Amino acid sequence: MPRWVKVFLIVGLVLLLILVISLVLGVKHGPGMHSGHRPLVAAVATAAQPFSADTTGTHKS
Amino acid sequence: MSPRLRKLALTAHVTSSVGWLGAVAGSLGLAVAAVVSEDIETVRAVYVTLELTSAYVLVPLAFASLLTGLIQALGTSWGLFRHYWVIVKLVMNLFAAVVLLLYLQTLSDLAGLASAPGTDLDTLRTPSPVLHASAALLLLLIATTLSIFKPRGTTRFGRQV
């Protein structure tokens, strides 16, 4: 096997190891984990608050 | 494959692959703009644009690159498992396509958040798209370099031919 393939394999395995370790240690990563370091659902709920309060239909624009 | 068909397949592969690289570079530019901009409307527009371009430009180009690469490998003497550089490129392409598909959910969430009125700039701003686009760009640049230099090295299957 050529040396460059071995280098690629080592780099790939190191990256895989980092990913596995971060998953084992519980580092948050993946969909929904990138918004201001808090769950997106909570962030969206906060953002939508001014509108969700108006459920009586009294608000007229 | 006939020489003419082979050239056509190669053209399709180069076009889709380099197009993918260019689209990722454009996405990186947008993602950087979202991190450095102080204008919330710009940041909102970036996340909505990133979601659309990912779904309708990046994903089609990624799969076009994968498909045309497979045709190119299987239809020519290069083969799919005969040369290490072809295998490495295939693995990189598959990895990038899978990560892109998984990342669509994050981009969709970010676009949803950007569309929600009242979201502040700190909530919206995230370095994640910059990191993902940078990694994708690096990966695609390596793949392009491999295609041009075609480093030596044949596998067991390549030596048998």
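The model is predicted: local features need pLDDT of at least 70, side-chain atom pairs count only at pLDDT 80 or more, and totals for chains, interfaces and linings use all residues. Residues are numbered from 1 along each chain as its sequence is written, chains are lettered from A and ligands numbered from 1 in the order in which they are written, and side-chain values use heavy atoms, with hydrogens and water left out.

Start with chain A. It has two helices and zero strands. Both are DSSP runs, numbered from the N terminus: helices are H or I with at least four residues, strands are E with at least two. Of the 61 residues in chain A, 16% are buried. Buried means under 20% relative accessible area, exposed over 50%, and partly exposed in between (1.4 Å probe, protein chains only). Chain A exposes about 5,000 Å². Carbon and sulfur atoms supply 72% of that area. The method is Shrake-Rupley with a 1.4 Å probe; for residues, only the protein chains shown count as cover.

Now follow helix H1 of chain A, residues 3-24. Its 22 residues should span 32 Å at 1.5 Å a residue, and the end C-alpha atoms are 31 Å apart, which agrees. The expected span is 1.5 Å times one less than the number of residues. A:Trp4, A:Val5 and A:Ser22 are buried in H1(A). Seen down the axis, the buried residues fall within an arc of 125°, so they line one face of the helix. The arc is taken from the directions from the helix axis to the C-beta atoms. On the other side, A:Arg3, A:Ile10, A:Leu13, A:Leu17 and A:Val24 are exposed. Cover for the buried residues includes helix H3 (84-115) and helix H5 (128-149) of chain B. Contact here means heavy atoms within 4.5 Å. After H1(A) comes A:Gly26, with a positive phi near 80°.

Next, the rings. Rings of Phe, Tyr and Trp (its six-membered ring) pair if their centres lie within 6.5 Å; planes under 30 degrees apart count as stacked, over 60 as edge-to-face and the rest as tilted. Over all chains, the count is two aromatic pairs. A:Trp4 and A:Phe8 form an edge-to-face pair, 5.5 Å centre to centre with 90° between the planes. They are four residues apart in helix H1 of chain A, so about one helical turn separates them. The B:Trp78 and B:Trp85 rings have centres 5.2 Å apart and planes at 80°, so this pair is edge-to-face. B:Trp85 is buried at 9% relative accessible area.

Last, a charge. The charged end of B:Arg156 sits over the ring of B:Phe157, 5.5 Å from its centre. The rule asks for NZ of Lys or CZ of Arg within 6 Å of the ring centre and within 35 degrees of the ring normal.
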